Amino acid sequence: MSNKPSAIRGTNDFIAEEAARFDHVVDTFARVRRLYGFRSVHIPVFEHTGVFARSLGETTDVVSKEMYTFEDRSGDSVTLRPEFTAGISRAYLSNGWQQHGVMKLAATGPCFRYERPQKGRFRQFHQLDAEIIGSAGPDSDVELLALGQHLIEELGVAGNVTLQLNTLGDPESRSAWQAALLAYFNGHRDSLGEDSQRRLDANPLRILDSKNEGDRALVADAPVIDDFLTAEAAAFFAALTSGLDAAGVAWTRNPRLVRGLDYYRHTAFEFVTDALGAQGTVLAGGRYDGLIEAMGGPHTPAVGWAAGIERLAMLIDAPAPEGVDLAFIPMDDAASARGARLVAALRKGGGVAVETFAAGNMKKRMTRASASGARLAIIIGADEMRDDTMQVKDLVAGEQVRIPQAEAGFVGGYLAELRLVALTGHDGDVPDFPAWRTRNLGGQAR
RNA sequence: GCGACCGUAGCUCAGCUGGUUAGAGCGCUGGUUUGUGGUACCAGAGGUCGCGGGUUCAAAACCCGUCGGUCGCCCCA
């Protein structure tokens with residue numbers, strides 16, 4: 001048992017419920033983002049290292065110690081994407097997407113960060129991503145946040161998640177505030193924890209969300225961004241908050257909320273939960289007006305967010321397990337061949353999900369058929385082959401009828417009706433299959 | 001990079017202060033039911049006790065190392 005192959009640290013293999021949770025998050029995003037006109041974008045999973053190194057900020061942890069970077073065979077340094085925004089911005093410039101005007105884009109897929117894994121944090125993790133590129137107005141921030149809120153609601157986790165909102169101001173506001181913070185914390189350097197003393201040099205803003213008890217007391221009296229906001233920055237934030245109120249997006253002001261990556265301006269936000277241990281951030285982002293310009297493009301305002309699929313997946317209720325509609329159980333080769341045509345017709349014509357159970361003894365086949373989630377089973381053996389009939393068993397009711405194979409349409413019709421009832425949430429009682437068939441036979445006869 | 005905890009059957013775990021052939025539940029295979037499941041009963045297969053070394057008459061249990069996992073710090077989705 002010790003020679004089993006092992007997975008790379010911090011990667012996951014999902015089946016069954018875990019896979020269903022993951023899929024449900026992805027599917028829900030695909031549905032909701034269309035409601036807001038966000039179009040799908042597909043970008044590479046890796047880029048030239050410079051794409052990330054320059055855009056995220058050389059001193060950030062993501063760049064300085066968490067990137068999956070390696071040389072390819074030609075000696076170029078390439079990096080597995082640690083996030084989506086830099087790659088999308090690069091694609092925007094590479095392909096001249098300015099021609100499309102304001103773009104609302106959505107992406108999904110794996111990202112990579114070389115970190116110690118823990119709850120809600122992995123080396124290969126997966127994100128949902130939404131960006132609005134080319135729009136400077138706070139109405140775009142509102143739309144983007146509304147999308148995020150809507151997604152959270154559709155996933156049924158809104159009760160556990162709150163939106164924390166802050167502004168980092170424009171570059172003037174931000175650097176004035178940063179200078180004031182630096183002066184303030186330098187004055188109390190000795191009272192700061194070890195980690196925060198290091199932050200003082202690297203990224204003083206981060207001291208604001210220190211978890212150290214002693215730091216928190218200092219942070220409480222630290223300079224607040226509001227006192228450094230330029231008139232424009234203040235107006236932007238006011239427009240944003242009133243827009244959110246108008247759109248019915250609930251938010252909480254958190255003046256100590258900062259974002260780790262260098263490119264953020266103005267809006268910064270996190271949807272957080274306390275139900276996930278130490279990794280409470282489930283969806284987060286902000287405005288990054290300077291990024292595309294810094295990458296060598298024209299001045300292009302933009303806002304975006306990313307959400308952690310695994311984190312959302314841990315939060316939602318378990319989705320209904322996957323299953324098929326119908327189990328086909330042939331008793332011998334002849335029945336198997338006959339049934340193949342029948343099954344193909346049901347799949348292609350009726351959209352019926354069918355799984356065949358031909359291995360093991362009868363009891364085994366029934367057990368597996370039952371576990372497949374199928375409502376009905378079609379059983380064909382030598383007896384049935386003789387007179388072109390089949391046994392149709394309702395696996396929920398336990399009732400079974402022997403009917404002509406020519407009546408396969410009833411099977412498709414019954415399953416279609418069940419689907420319809422499930423879809424409309426109409427809980428009208430559908431009888432078991434034998435009774436349903438008798439009823440519809442009668443109806444047709446007249 | 002730092003810290004804490006954990007590592008026994010396919011899975012989840014029990015195994016008290018070291019003492020003979022290492023257990024349970026679930027799952028798997030077969031049977032009660034020669035072609036009928038989801039409930040029940042019976043039987044069976046399946047374990048280098050993560051790996052290496054040490055202490056001891058004796059180690060799954062104690063010590064050291066190592067690898068792996070989990071959670072936390074840092075940082076972040």
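Modeller: The C-alpha centres of domain 1 and domain 2 lie 47 Å apart. In chain A, domain 1 covers 16-170 + 230-315, and domain 2 covers 326-445. These bounds come from an automatic or database domain assignment.

This is a predicted model, where local features need pLDDT of at least 70 and side-chain atom pairs count only at pLDDT 80 or more, while totals for chains, interfaces and linings use all residues. Residues are numbered from 1 along each chain as its sequence is written, chains are lettered from A and ligands numbered from 1 in the order in which they are written, and side-chain values use heavy atoms, with hydrogens and water left out.

Our part is helix α5, residues 138-154. The names of helices (H or I, at least four residues) and strands (E, at least two) refer to DSSP runs, numbered from the N terminus.

Start with its packing. Two packed helices are described by the angle between their axes and the distance between the axes. Here α5 packs on helix α9, residues 231-247, at an angle of about 40°, and the axes are 9 Å apart. An axis is a line fitted to C-alpha atoms, for helices over the stretch in contact, and angles run from 0 to 180 degrees between N-to-C directions. So α5 is oblique to α9. Under 35 degrees counts as roughly parallel, over 145 as roughly antiparallel, 65 to 115 as roughly perpendicular, and the rest as oblique. The crossing of α5 and α9 is right-handed. In a right-handed crossing the near helix is turned clockwise from the far one by less than a right angle, and in a left-handed one anticlockwise.

Which residues of α5 and α9 meet? From α5 come P138, D141, V142 and L145. From α9 come F236, A239, L240, G243, L244 and A247. Contact means heavy atoms within 4.5 Å.

Further along α5 sits Q149. It is buried, with a relative accessible area of 14%. Buried means under 20% relative accessible area, exposed means over 50%, and partly exposed lies in between (1.4 Å probe, protein chains only). Leaving out residues up to four places away in sequence, Q149 touches A158, V249 and F271.

Now the charges. Side chains of opposite charge can pair when their charged atoms come close. A salt bridge is a side-chain nitrogen of Lys or Arg within 4 Å of a carboxyl oxygen of Asp or Glu. By that rule the count is 14 salt bridges. One of them joins E143 to K104, with the closest N and O atoms 2.7 Å apart. E143 lies in α5 and K104 in strand β5 (residues 103-112), so the pair ties together parts that are 39 residues apart in sequence. E143 is partly exposed at 25% relative accessibility. K104 is partly exposed too, at 22%.

Another salt bridge pairs R338 with D388, at 2.8 Å between the closest N and O atoms. This pair links distant parts of the chain: R338 is in helix α12 (residues 333-350), and D388, 50 residues away, is in the loop between α14 (382-386) and β15 (389-394). R338 is partly exposed at 23%, and D388 is partly exposed at 40%. Shared partners also join D141, R287 and D289 into one network of salt bridges. D141 is among the α5 residues that meet α9.

Helix α4 spans residues 85-94, and seven of its ten residues are buried. They are T85, A86, G87, I88, S89, A91 and Y92. After α4 comes G96, whose phi is positive, near 65°.

The loop between α4 and β5 also holds W97. Is W97 buried or exposed? It is buried, with a relative accessible area of 17%. Not counting residues up to four places away in sequence, W97 touches V41, I88, A91, Y92, M103 and L105. I88, A91 and Y92 are among the buried residues of α4.
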